[in-house]
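User: Please take a close look at a single part of the structure below and set it in its surroundings. Plain wording will do.

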Amino acid sequence: SLSKLQLKTGDLDPRLFSRLRHLQKLDLSDNLLDKFPNSLTLPDLRVLDCSNNKLEDVTALKQFPLLEELTYENNVYLTLNDDYKVMFLLQNLRLLNGKDITKLAKHVRHVNTRKLTSKVTAHWEKFFRDQLPEKHTAEQVKSIKKKFLKSVQTNVVYGPSSLSEFTRWRVKMIAEEFLARSLGLELNSDTEPEEKTDDNEEESTESPREAAEEVAQVGNFPSYISNVTVTPSKRKRNSKSSPGNKKCKTQANTKKETEEDVSAEPLHFLQCHSKGNSREDFKTQLWSCVFEPVLDSGARKDPIVNSSRTVATCGGESVCLIDCETGTVLKKYKVATEEFFSVAWTTLMMVTSDSRKKAHNILAAAGRRGIVKLIHVAADFCYGEIKAHKKPIATVCFSPTQETHLFTASYDKRIALWDIGIPDYDYNFKASQLLVLETASIPLRIALVPTCPEQYLLAGCEGGCFAWNIKLDKGQKSRPFEAIFQFPDGESMTTAHRVDGLAFLNDDVVVSKSSKPGCIYLWSWSRSFDSKGKGCQQTMSAVILAELEWSTTDMSYLTLSTCPAKEYVFCGDEKGSVWMYNLSNYTTAWSSAKGKRSERRISPTQILKWPELRVNGEQPPEILVNNVVADPAFTYLVVLTSVNITAIWKKS
């Protein structure tokens, strides 16, 4: 036991340790180690505890091939990617951080390897094989190897985005092995040989951190609804009647009557926000979900390529992180006295112990208590909170250009702008309030104007739709609104109405809901807002481009969302259905200087009906769709309901 001795990496002398030929158990916990020396040897080591250190890399642990039990909790720079690396490198490992990982490790070593190998091989065959002449020089081989390794790590994608670092690491290893076999190249010494796999092995979706303790409480909780039977229904385009209840074995499909139709299948129905983990909880309301940004995407800034399949959802006392493909609840964070209303992601460049900068995703979550929780998701750690308002926070969002700038909109009729700062190595951070925007009524939805996100903010409120100048060089910290927008109301125009849905479809087109039932408006920001107007609190008429036909319900707070890359609008209704509008045929005309208003209301491209879902033999009560969000590439659609069910659909 060498625990609690303030040991640094340099204190582990290989000359001494290499003499411990029969050492089986080593405790290095509660020290200051940032890495392992490569030549400690210890050929018989079976149990290693290096928790509560400052480790940043695990690959040196492969020097202990007989290791069976490994603990490295509370090394904040180690992530899920490192868990997967040690599972691959240490073939005898059974316990990781106290959890049995035998089944998952088998998956990582065999199924994962098999899938990545086939993708790497296919990438070579498709893009590189023909580039190498039959009689090639060493220089040509070296050049193509360099290009291939770079290309394959960028383009071969598999598994959730939270594992992208592990995937790139394995892809590079597999690609080098492939080139060594195919072209007779020398293999790097740090590459492990591939194992033969049994083609019939089952895939596992367990996570080694699935039962970690608080603070980011990833517990043993029921995620799937028990005893569910789903009978999806075949539907025709634009059908507004109830589902035809024609039984369909595997997926909810729509007939391809036009090119615009989207075939979608319900993948998962999850009940992961239950109060006290109760399977009987069908009352917790789910409010907000947002897809995790992809880290280290290099040159791939295209939102389509960058699309993630990991989504954060909130409702009741918890925030969950879900892998949309597998339906696995990766992490769960709980605060017993809170009701969460909103979540938002940002990516911060945090400094490691040796002063290098590394990108990490941070999740902000807020709700009834008026407090913003800041969670470093990869480290399973809620590192801080901001007491932002004395009343509930309805919604939060980060600036797309200033990654530390967070807007919080509260029932105290204020929208505050905070600089959350960047936490240091020990998670010390300093938050400061930069602005307060006074609203005449409770703000429900906020959106930054895409062409000038540092200058204008738009908010849908209980009493109308407002805009503020948020430029920080204006000195004045507390500001009234600059404009209120009026919308058609029968024969006249009105400013007084609840706006409970607000989002930008592209740089100019705003989508907002609800000056009258059954209607969603699309309007032009640039043509509606007069930036040369004198003074503030002006009334401006929204220049309407089109109306979308929607449910005639008078139910409030069923919000909308957009998928700008695919030019889609989504909005759920009071019957569990999702109304989808593909507007790609309209946007070009709207963007022209003389863009005329579409005369008739635009019908939905498709309505996804809620499947006949039976829980313990009974249908859930009235299902309201509070929110529905697609990932940037529109591969997945996450539907949040009023009955504690998260439904995940996949475009087929």
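Which residue in strand 4 stands opposite Leu70?

Analyst: Leu70 faces Leu96 in strand 4. The model is predicted, so local features need pLDDT of at least 70 and side-chain atom pairs count only at pLDDT 80 or more, while totals for chains, interfaces and linings use all residues. Residues are numbered from 1 along each chain as its sequence is written, and side-chain values use heavy atoms, with hydrogens and water left out.

Strand 3 (residues 69–71) and strand 4 (residues 95–96) run parallel and are joined by two bridges. Two strands are said to pair if DSSP finds at least two bridges between them. Helices (H or I, at least four residues) and strands (E, at least two) are DSSP runs, numbered from the N terminus. The open sheet has five strands in the order 1-2-3-4-5, with mixed pairing. Its edges are strand 1 (25–27) and strand 5 (99–100), each of which pairs on one side only. Strands of a sheet pair through backbone hydrogen bonds, either parallel or antiparallel.

Leu70 also belongs to the largest nonpolar core, which has 38 residues; Leu70 is among those with the most contacts inside this core, together with Phe36, Leu48, Leu61 and Val86. A nonpolar core is a set of buried Ala, Val, Leu, Ile, Met, Phe, Trp, Tyr and Cys residues joined through side-chain atoms within 4.5 Å. Buried means under 20% relative accessible area, exposed over 50%, and partly exposed in between (1.4 Å probe, protein chains only). Helix 2 (80–89), helix 3 (102–127) and helix 5 (164–183) are the elements that give two or more residues to this core. Helix 2 gives the most, six residues. Apart from this core lies another, of 23 residues, including Phe282, Tyr568, Leu613 and Val643.

With its neighbours within four places in sequence left aside, Leu61 is in contact (heavy atoms within 4.5 Å) with Phe36, Leu48, Leu70, Val86 and Leu90.

Val86 leads on to helix 2. Ten of the ten residues of helix 2 are buried, among them Leu80, Tyr84, Val86, Met87, Phe88 and Leu89. The buried set also includes Asn81, Asp82, Asp83 and Lys85. The partners against which the buried residues of helix 2 pack are strand 3, strand 4, helix 3 and helix 5. At the start of helix 2, a side-chain oxygen of Thr79 comes within 3.1 Å of the backbone nitrogen of Asn81.

Now the wider setting. The protein chain has seven helices and 38 strands. Of its 652 residues, 56% count as buried. Among contacts between residues at least 6 apart in sequence, 57% join residues at least 24 apart.

Elsewhere in the chain, Asp380 sits in the loop between strand 14 (371–376) and strand 15 (381–387). Asp380 is buried, with a relative accessible area of 11%. Its side chain makes a polar contact with the side chain of Lys331 (2.4 Å). A polar contact is a pair of N or O atoms within 3.5 Å; within protein, one must be able to donate a hydrogen and the other to accept it, and residues adjacent in sequence count only if both atoms are side-chain atoms.
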